[in-house]
Amino acid sequence: MRAVIVAVGVAFLISLFCTPIAIKVFTRLKAGQPIRAEGPAMHQGKKGTPTMGGVVFILATVIAYVAGHLALTTLPDQQIAQVEPTITALVLLGLMVFSGAVGFLDDFLKVRKRNSAGLNKRGKLIGQILVGAVFGVVALYFPSTMTDAAGAVTNTETVGSTTLSFIRDIPALDVSKIGAVIIFIFVVMAATNGVNLTDGLDGLATGASVMVLAAYALIAFWQYRHWCADPDYTQAYCYTVRDPLEIALIAGAGAGACVGFLWWNTSPARIFMGDTGALGLGGLIAGMAMSTRTILLLPIIGGLFVIITMSVVIQIISFRTTGKRVFRMSPLQHHFELAGWSEVNIVVRFWIIAGIGVAIALGLFYSEFLANVT
């Protein structure tokens, strides 16, 4: 627990105090956010606000991960083996950094061209597929070799699983390693685009991501406390995952970094996360679902992202098939803007929806545990 708390605190402080520096730097570099002409008219006042702020909380998460590990140096020897830097960390932080890199390229092109076009759809799609494929292979083909104090191998799990999972793996739904990699690519694409579409109002995606990452920190830490690889855990019902404390540490660091960034990103935003932050957070969230073996629980934990993504899908299908729009504008948050809701009202109410999804998911997770230990 100490490592997680340290990581959360360090990430929060770095993000809180370094974001103003980023604001000054990006303003000096004239890295202002271009605003779509076809977007809501009230957004034109945001033109020129610095973007690419996701760089700050991505770096804060990585640095906080290192700080969290420094807090583990006094743990008993038999516990240190499972909390040293692992492939789990490589996968999770790699997904965040390299998904963020795809977004950074998109943001850079927007700023350079002085329009909202950025990286074309094909280029962004290829980037997401490559990131998902590379880290999906690492997650599925490199098992752990964790040893106990006596030198015996105690955990040979991979970061991901070849079976689909809800609260835990579902053995009957084995899709093979290749199938699992393909599914993970889809999850990465869905999560990154879901967060990106949600990032349309000040603080909306940041606040929702805080809740989702905090939920994964709780799930992973619970798995750590009831971990099959823990020699001190004697109960029959446990979680077969790899490096759950690593997952909790990184999820907590990501949540803390987002809270620090939210201080400056809330309305009226002084900086935007840009695609750098949105895709980075989406990649990290996808990795959380895979590593905690809760892929099918992700649509509930990230319920707001699903709702907003579906609003875009419905709008496109309706317009292409009937020539009519279901919403005044998509994504959904812009529909309510045009309906007269204030930006702050939309953000707070959507946060409530995000919180409900997280609460339901955590309730399902915990109730599954209770049902099997009583």
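Arginine 293, which follows helix H9, has a positive phi, near 60°. Helices here are DSSP runs (H or I, at least four residues), numbered from the N terminus. The model is predicted, with local features needing pLDDT of at least 70 and side-chain atom pairs counting only at pLDDT 80 or more, while totals for chains, interfaces and linings use all residues. Residues are numbered from 1 along each chain as its sequence is written, and side-chain values use heavy atoms, with hydrogens and water left out.

Helix H9 takes in residues 274-291, and its 18 residues should span 26 Å at 1.5 Å a residue, which agrees with the 26 Å between its end C-alpha atoms; the expected span is 1.5 Å times one less than the number of residues. H9 is also mostly covered, since 18 of its 18 residues are buried, where buried means under 20% relative accessible area, exposed over 50%, and partly exposed in between (1.4 Å probe, protein chains only).

Where is a disulfide found, taking a pair of cysteine sulfur atoms within 2.5 Å as the rule? Cysteine 228 is joined to cysteine 238, with an S to S distance of 1.9 Å, and the count comes to one disulfide. Both cysteines lie in the loop between helix H7 (204-225) and helix H8 (244-265), 10 residues apart.

| Residue | Relative accessible area | Class |
|---|---|---|
| Cysteine 18 | 33% | partly exposed |
| Cysteine 228 | 34% | partly exposed |
| Cysteine 238 | 15% | buried |
| Cysteine 258 | 0% | buried |

Definitions and conventions: Helices (H or I, at least four residues) and strands (E, at least two) are DSSP runs, numbered from the N terminus. A disulfide is a pair of cysteine sulfur atoms within 2.5 Å.
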